[in-house]
Structures are given as C-alpha cells and as structure tokens.
Amino acid sequence: MNRDEIANVLKSNGKITIPMSEVHDIINTMASEIYAQKRDQRSFEKVYEDCSNIVIEFALAKSLNGQRNPHTFNMNLPITFCWDVEACEKLFEVKRHKVGTKWFSYPENKIQTFKKYKHNVDYLITAYMDTNNADQCYEVEFALITEARSFFDYYQQSKYKNALPYYNHPVALKNNQCTIINLREPGNW
C-alpha cells in the first residue's frame with residue numbers, strides 16, 4: 001500500500017476505540033519503569049498520562065492489521081526503538097497530534113530519536129487521542145501521514161514567541177509529501 005491508500009483505510013475506519021483495560025498493564029509497566037529512574041519531577045500520574053500515548057500505536061496496528069514493535073527496548077539496538085508499528089510492509093512512527101489544534105507541533109528535544117532514525121522508517125502518522133472516562137476507553141482519530149524522510153524539510157520554528165516548532169503540512173501537501181487523513185478544524189474538537 002502507498003501513503004494515499006493507507007490514509008484512505010485510516011479515514012474509512014474513523015475513530016478507533018481502545019478499552020483502557022486492554023492497555024492499562026502495558027502503560028503501567030512502562031510508566032513504572034520510567035518513574036523509577038527519577039529523571040525529572042513528574043508525578044507517577046503524569047508519567048502514566050504521557051505513556052498513554054502508546055495507545056495510538058495500538059490503534060494504528062488494529063486499523064492496518066499490523067503489529068506494534070515487538071522488540072524489548074535496548075538502547076544499543078535501534079531496531080528496538082526506531083519504529084512503533086509495522087503494517088502493510090511499512091514501518092511507522094506515531095506521534096500524538098494535540099487535541100484542539102489543526103497544526104502538528106512537537107518539542108524539538110522530544111523528536112530527536114525520530115530525526116536520527118528517519119531513514120529507517122517509511123511514514124510518520126499523527127493522531128488525536130481523547131480519553132472517554134464515561135466509557136473507560138481511549139478514542140484515536142488519525143490526522144495526517146507524512147513521508148518520514150522528508151518530514152524535517154517541513155518542520156520549522158514557529159514565528160510566535162514561545163510556540164513549539166510545527167510541521168508545515170500545507171507546503172508538504174503541495175509538494176506531495178503528506179496526506180491529510182482527518183485534520184480537525186477549529187471548533188470541531
């Protein structure tokens with residue numbers, strides 16, 4: 001499948017629901033390991049919340065009949081961490097697209113691993129992730145898919161003071177380097 005075909009599948013699947021109970025143990029184990037390292041001042045609850053972004057990996061694997069990276073993390077073996085999901089004979093990196101914005105912005109210091117290994121990955125996919133506490137589930141909706149190798153050609157510093165760098169999807173789209181899946185318009189959150 002090519003990028004546009006993958007985008008069409010993800011768009012047609014709509015929101016993907018992942019029960020919290022299905023991923024709790026995995027998120028909890030990951031959060032416990034990170035929290036035990038005491039690298040920063042985050043509470044365990046905040047570490048857990050940050051780790052919950054892996055739900056997007058579960059949603060992508062479910063949508064494309066793929067699998068999450070099955071390797072046990074080893075900082076000396078990039079294959080264990082340089083991609084998140086394998087599906088359709090492609091390797092994907094996934095990132096959370098902040099709810100409430102059409103633009104994908106991400107801290108530069110948190111995207112360095114992807115930058116270093118972008119040539120080992122086919123696509124980067126962003127997704128909105130909402131928590132539905134009433135139904136005890138996460139709801140994931142994919143926003144855009146971009147060529148991994150050209151991502152940083154369109155990733156730029158914002159002109160607004162104190163704003164995060166962002167991915168300039170209109171220019172990337174014009175140059176056929178990304179495909180919009182479902183970018184939410186303002187007021188459509």
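Helix α2 contributes the most residues to the lining of the largest pocket, seven in number. Keep in mind that this is a predicted model.

Staying with that pocket, its volume is about 2,300 Å³. Two or more lining residues come from each of α2 (20-36), α3 (44-51), α4, β4 and α5. By class, that lining has 22 nonpolar, eleven polar and 17 charged residues.

The second largest pocket holds about 230 Å³ of space. Its lining includes Trp 103, Ser 105, Tyr 160 and Leu 164. By class, I count five nonpolar, three polar and two charged residues there.

Next, Tyr 106. This residue sits in the loop between β4 (90-96) and α5 (112-117). Is Tyr 106 buried or exposed? Tyr 106 counts as buried because its relative accessibility is 18%, and the cut-off for buried is under 20%. Leaving out residues up to four places away in sequence, Tyr 106 touches Lys 95, Arg 96, Ile 111, Tyr 155, Leu 164 and Pro 165. From Lys 95, Tyr 106 is eleven residues away in sequence and 8.7 Å away in space, C-alpha to C-alpha.

Last, the cores. The largest nonpolar core has 33 residues, and Leu 60, Phe 92 and Phe 142 have the most contacts inside it. Helix α4 (residues 55-64) gives the most to this core, seven residues. A second, separate core has 23 residues, among them Phe 114, Tyr 117, Val 121 and Leu 124. Back in the largest core, Phe 142 has contacts beyond four places in sequence that include Leu 10, Ile 56, Leu 60, Ile 125 and Ile 181.

Key:
Residues numbered from 1 in each chain as written. Predicted model: local features only at pLDDT ≥ 70, side-chain atom pairs only at ≥ 80, totals over all residues. Heavy atoms only, no water. Core = buried A, V, L, I, M, F, W, Y, C linked by side-chain atoms within 4.5 Å. Buried < 20%, exposed > 50% of the residue type's maximum accessible area, 1.4 Å probe, protein only. Helix = DSSP H or I, 4+ residues; strand = E, 2+ residues; numbered from the N terminus. Contact = heavy atoms within 4.5 Å. 1 Å grid on protein atoms, 1.4 Å probe; cavity = no way out; pocket = protein on both sides within 12 Å on 5 of 7 lines; lining within 4 Å. Points joined across faces, edges and corners; volume = space filled by probe spheres on them. Nonpolar A, V, L, I, M, F, W, Y, C, P; charged D, E, K, R; others polar.
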